Amino acid sequence: MDNDSPLERKLAREIAARKEAETLLEKKSLELYETNQHLQLVLTQLKRQNLQDLNKLEFEQQINEALIHFGRAFLSRTLDDGLISSLLECLESSSALEKAHLYVEQDLVTSLVGSEFGESLSTDLANIKPYATWQDNILSLPVEVDHKAVGILSVLVNEAGISRDFVVSQMLLVGELLCSALSRQIILSRHQEARSRAEESERSTKEFVAMINHELRTPLNGLLGSAELLDGTELDEEQRTLLTNLTHSGDLLRHIINDILDFSKMNAGMMELIPSTFQMSELRNMIHGIFEPRAREKGIEFTITESGELPTSFIGDFERIGQILVNLVGNAVKFTSEGSVTVTARWSAGSLTMSVSDTGVGIAEEAKKELYSPFVQADRTAKRHFEGTGLGLAICKNLVELMSGTIALESEVGKGSCFEVTLPLKVADKLPVGESSSDTGLREKPLEELAILVVDDIRMNQVIINQMLKKLCITPEIANNGFEAIKAISHTKYDLVFMDCRMPEMDGFEATTYLREQKYDLPIIALTAGTTLEEREKCIECGMDDILTKPYSAKDLQLMLEKWA
């Protein structure tokens, strides 16, 4: 018989149930603790990962900002030491880098003074690798230009928890930016050097052309001037023949010198137009005066005609238009043995068309292709009958194109040729200054009463102009340089001064500038062998009123005196 009462049995069951509940609670508590520990571990790992991601994101953002800022700076500024140093300082301020250093080869870029920038990181500068290398926490990257290592970029990486591969990827972008900046600066430097060499070459060429222009024209002035003066003396038949030969040779030499100098100007880019107002009658009279005697001497007919009504005056470069016609008509007369040479002018749609026709030897079809090339003639053989440099048509074509005109040729061997030049010109409303004394407002005075001062340092030129003026019953006074001219003008009132431009001690430009500053207002005429627009502008800018170009004739002197005094 069981002695346990129901109460005791119930109590025992409750105690057992409680113990079982306590055991279960203890087990659940342990599970909860273990779960909590695992959760703490996961949270710690997640926090660490988030911190690394934040650092990585921050570093990437800092590098991107540096790339944008310095990319613009490298494009807008010259690459210099300050710009490189600023880039390295920007890298050092990033979250993942502590120091930055750049080395480039000495004198690689002319705008960089130094070759090392930033604090040295003891990298091997003498053995640059073509790839990224690590030495402890120091990352080194090659800097390449034209596939050649020319420098090294090194950075000290701190313990920011960013993977090395990511640091390398970001620094490669910086390295590429530096390579592009160095390459661009090298190209710019080369272009600047090439431009400087080209400008120096152009300057030397212009100086040479101006110098040779002066040196050739000055003795030519003496030669042609002496021949002209000699022509006014009594000569026997033999002397007259010799003088004719001298004059012909001198004219031929002048044309050759003009062609060579003009060709040099074309190559040097110095061929420029000097517009002025001129009359059609001037152009007609000039061509007729030059070629009618030559045509008559050869026994051929020479005529100048006008088709339709032409304006009286034009605005254009009279000297260059005349040069085109002189070359074309000169060739026509030269290559025509019998028959005629005809110059026809017509005006249409704002353009002056001049055609030069002849009944000469004509030009073969194969010769037309290179006819406008320099130093080319239709007859190149050693037995050719016609003299010349072969530059005339090349210069004509250049001048026509400079005036926005056209030149055309029709020719048949044995029957003759026809050159047609069309030039767009403006019609002038008024006569050129000096055409009418009533328009100029200048006082009239007989030439023989004029007081003239000639300023020139070359004895030959002094003799020539002195004798030419004496033919006009004028005895000039002579000064050898600008100093003597200023002294003479301070004591004597001259009606006109002929001023040479290039002289020792004080040249004509300096003397004229000084006189104008002293309120001297009477005419000063430049005597110059220079034909460039630059020298002509210099004459006008310093205060000269007009220009008489060497070689000049007594007629040129007379026209200048009538115009200004």
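Predicted model: local features only at pLDDT ≥ 70, side-chain atom pairs only at ≥ 80, totals over all residues.
User: What does the UniProt annotation say about Asp500?

Analyst: UniProt positions are given in the numbering used here, with feature names shortened, and annotations may be inferred rather than shown by experiment. For Asp500, the unreviewed UniProt entry carries the annotation "modified residue: 4-aspartylphosphate".

User: Is Asp500 buried or exposed, and which residues is it in contact with beyond its neighbours within four places in sequence?

Analyst: Buried means under 20% relative accessible area, exposed over 50%, and partly exposed in between, using a 1.4 Å probe and protein chains only. Asp500 counts as buried because its relative accessible area is 2%. Contact means heavy atoms within 4.5 Å, and, with neighbours within four places in sequence left aside, Asp500 is in contact with Val455, Asp456, Asp457, Gly508, Leu527 and Lys550.

User: How does the span of helix α10 compare with the one expected, and what do its buried residues pack against?

Analyst: The expected span of a helix is 1.5 Å times one less than its number of residues. Helix α10 (residues 459-471) has 13 residues and reaches 19 Å from its first C-alpha to its last, close to the expected 18 Å. Its buried residues, among them Ile464, Ile465, Met468 and Leu469, pack against elements including β14 (452-455), β16 and β17 (524-528). Just after α10, Cys473 takes a positive phi of about 65°.

User: How many residues does the largest nonpolar core have, and which element gives the largest share of it?

Analyst: In soluble globular proteins, nonpolar side chains tend to be buried together. A nonpolar core is a set of buried Ala, Val, Leu, Ile, Met, Phe, Trp, Tyr and Cys residues joined through side-chain atoms within 4.5 Å. The largest one here has 42 residues, and Leu328 is one of those with the most contacts inside it. Helix α6 gives the largest share of this core, eight residues. With neighbours within four places in sequence left aside, Leu328 is in contact with Val356, Leu393, Cys396, Phe419 and Val421. A second, separate core of 40 residues includes Leu139, Phe166, Leu177 and Leu182.

Key. Residues numbered from 1 in each chain as written. Heavy atoms only, no water. Helix = DSSP H or I, 4+ residues; strand = E, 2+ residues; numbered from the N terminus.
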